[in-house]
Amino acid sequence: MVSKYLLILVILVAAIFIWRSNRKVAVKERKAKEQRAKVIDMQPCRWCAVHIPATEAVQGKHGSYCSTAHRLKAEP
Ligand SMILES: [Zn+2]
């Protein structure tokens, strides 16, 4: 009788442990994904080498720049 309850308790604890570790892995993977997305989105300015998000970058003939001023300096 007692061993039956003990078995259920062990299974329950194991299930909680697995669920918690799975959640940790999911959070880790999401963070890694966000980090990768950040790395991909950043582009260096061809004039001053400052890294700017791709969405804010000014596109020139030879690459991307942090501002229109730097694009004009590099590509007169
Ligand atoms: Zn620049």
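Here is a short walk through this structure, from its overall build to two of its residues. What you see is a predicted model.

Let us begin with the parts. The protein has two helices and four strands, and, read from the N terminus, these follow the order α-β-β-β-β-α. Helix α1 covers residues 2-41, while β1 takes in residues 42-44 and β2 residues 51-53.

Now step back and look at the outline. Along the principal axes, the C-alpha atoms fill a box of roughly 85 × 15 × 15 Å. Buried residues make up 7% of the 76 residues. As for contacts with a separation of 6 or more, 10% of them come from residues 24 or more positions apart.

With that picture in mind, visit Lys24, which sits in helix α1. Lys24 has 10 other C-beta atoms within 10 Å, and a residue counts as exposed if that number is 12 or fewer, so Lys24 is exposed. Its C-alpha atom is separated by 35 Å from that of Ala57, a residue 33 positions away along the chain.

Our last stop is Ala49, in the loop between β1 and β2. Is Ala49 buried or exposed? Because Ala49 has 8 other C-beta atoms within 10 Å, it is exposed.

Definitions and conventions. Residues numbered from 1 in each chain as written. Predicted model: local features only at pLDDT ≥ 70, side-chain atom pairs only at ≥ 80, totals over all residues. Buried ≥ 20, exposed ≤ 12 C-beta atoms within 10 Å, placed from the backbone. Contact = placed C-beta atoms within 7 Å.
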